[in-house]
Amino acid sequence: MTQPLIGIIMGSDSDLPTMKEAIAVCTEFDVGCEVAIISAHRTPERMVEYAKTAHQRGIKVIIAGAGGAAHLPGMVAALTPLPVIGVPVPSRHLQGVDSLYSIVQMPAGIPVATVAIGNAKNAGLLAVQILATYNSELLQQVQAYRAALKATVMEKQAQLDE
Ligand code: RP5
């Protein structure tokens, strides 16, 4: 089994439909990831243990998704030296604006790279791009991915021009 390099954590199993997009990116780029449900409020000790030990297990980047009072990404960022990417999960009553504000408003010194509400795909891609800074094979994969995106747009343009 591939050594997991990306840790994908979320506050609840109800976040999984959103977070599975990040898992799909890891699969697409063949990067090992570990996935865990860890709640900042319901399992705080587990969160502290995870955040303090992730780098010792070889994890290089953590993606943390949470909704509502979304403290998980920020608290994990406070406890790990690794880069943390936060995913604001859409919430029932405020559609994820609460999640976004909870995650993005970090005090200077403890950053969380926050993606758009529900955009776990970009979190996965950003994590892969961080890993690609020291992995030339992965860098080529990222460039191929971008080339495919460009080809899709150009194909749509060609259809419009017909
Ligand atoms: C947060 O509360 C989770 O990240 C989730 O988005 C939200 C609701 O959790 P459940 O009540 O669905 O378990 O901690």
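Modeller: Start with a rule: two residues are in contact if their C-beta atoms, placed from the backbone, lie within 7 Å. The model above is predicted.

Biologist: Which residues does Val76 touch, not counting residues up to four places away in sequence?

Modeller: Leaving out residues up to four places away in sequence, Val76 touches Met47, Ala51, Ile62, Ala64 and Val84.

Biologist: How should I read a group of nonpolar residues, and how many residues has the largest nonpolar core?

Modeller: The general idea is that in soluble globular proteins nonpolar side chains tend to be buried together. In this model, the largest nonpolar core has 43 residues. Val76 is among those with the most contacts inside this core, as are Ile6, Ile62, Ile63, Ala64 and Leu72. Several elements each supply at least two residues of the core: helices H1 (16-28), H2 (44-53), H3 (72-79), H4 (97-104) and H5 (120-132), together with strands E1 (6-10), E3 (61-67) and E4 (84-89).

Biologist: Now the sheet. In what order do the five strands stand, and is the pairing parallel or antiparallel?

Modeller: Strands of a sheet pair through backbone hydrogen bonds, either parallel or antiparallel. Here five strands form an open sheet in the order E2-E1-E3-E4-E5, and the pairing is parallel. Strand E2 (33-37) and strand E5 (113-114) are the edge strands, each pairing on one side only.

Biologist: Over how many bridges do E3 and E4 pair?

Modeller: E3 and E4 pair over six bridges, in the parallel sense. To find the place in the model, look for Gly65, which stands opposite Val87 in E4. E4 and E5 pair over two bridges, also in the parallel sense. There, Gly86 stands opposite Thr114 in E5.

Biologist: What do I look for on the two faces of a strand, and which residues of E4 lie on each side?

Modeller: In a regular strand the side chains alternate between the two faces of the sheet. On one side of E4 are Val84, Gly86 and Pro88, and on the other are Ile85, Val87 and Val89; all of them are buried. Since six of the six residues of E4 are buried, E4 is largely enclosed by the rest of the structure.

Biologist: Next, the ligand. Which residues surround the ligand?

Modeller: The ligand is surrounded by Met10, Gly11, Ser12, Ser14, Asp15, Ser39, Ala66, Gly67, Gly68 and Val89. By type, this shell divides into three nonpolar, six polar and one charged. One of the surrounding residues, Val89, is among the buried residues of E4.

Biologist: Where does UniProt place the feature "binding site"?

Modeller: The unreviewed UniProt entry places "binding site" at Ser12, Asp15 and Arg42. Such annotations may be inferred rather than shown by experiment. Ser12 is in the loop between E1 and H1, and Arg42 is in the loop between E2 and H2. Ser12 touches Ile37 and Ser39, not counting residues up to four places away in sequence.

Biologist: How far is Ile110 from Val84, counted between C-alpha atoms?

Modeller: The C-alpha atoms of Ile110 and Val84 are separated by 9.6 Å, although the two residues are 26 residues apart along the chain. Ile110 is in the loop between H4 and E5 and touches Ala77 and Ala78, not counting residues up to four places away in sequence. For another pair, take Thr27, which lies in helix H1: its C-alpha atom and that of Val97, 70 residues apart along the chain, are separated by 29 Å.

Biologist: Which residues does the annotation "domain: PurE" cover?

Modeller: In the unreviewed UniProt entry, "domain: PurE" covers residues 4-153. Over residues 4-153 the chain is 47% helix and 17% strand, with the end C-alpha atoms 33 Å apart.

Definitions and conventions. Residues are numbered from 1 along each chain as its sequence is written. This is a predicted model: local features need pLDDT of at least 70, side-chain atom pairs count only at pLDDT 80 or more; totals for chains, interfaces and linings use all residues. A residue is near a molecule or strand if its C-beta atom, placed from the backbone, lies within 6 Å of it. Ala, Val, Leu, Ile, Met, Phe, Trp, Tyr, Cys and Pro count as nonpolar, Asp, Glu, Lys and Arg as charged, and the others, Gly among them, as polar. A nonpolar core is a set of buried Ala, Val, Leu, Ile, Met, Phe, Trp, Tyr and Cys residues joined through C-beta atoms within 7 Å. A residue is buried if 20 or more other C-beta atoms lie within 10 Å of its own, exposed if 12 or fewer, and partly exposed in between; C-beta atoms are placed from the backbone. Helices (H or I, at least four residues) and strands (E, at least two) are DSSP runs, numbered from the N terminus. Two strands pair if DSSP finds at least two bridges between them.
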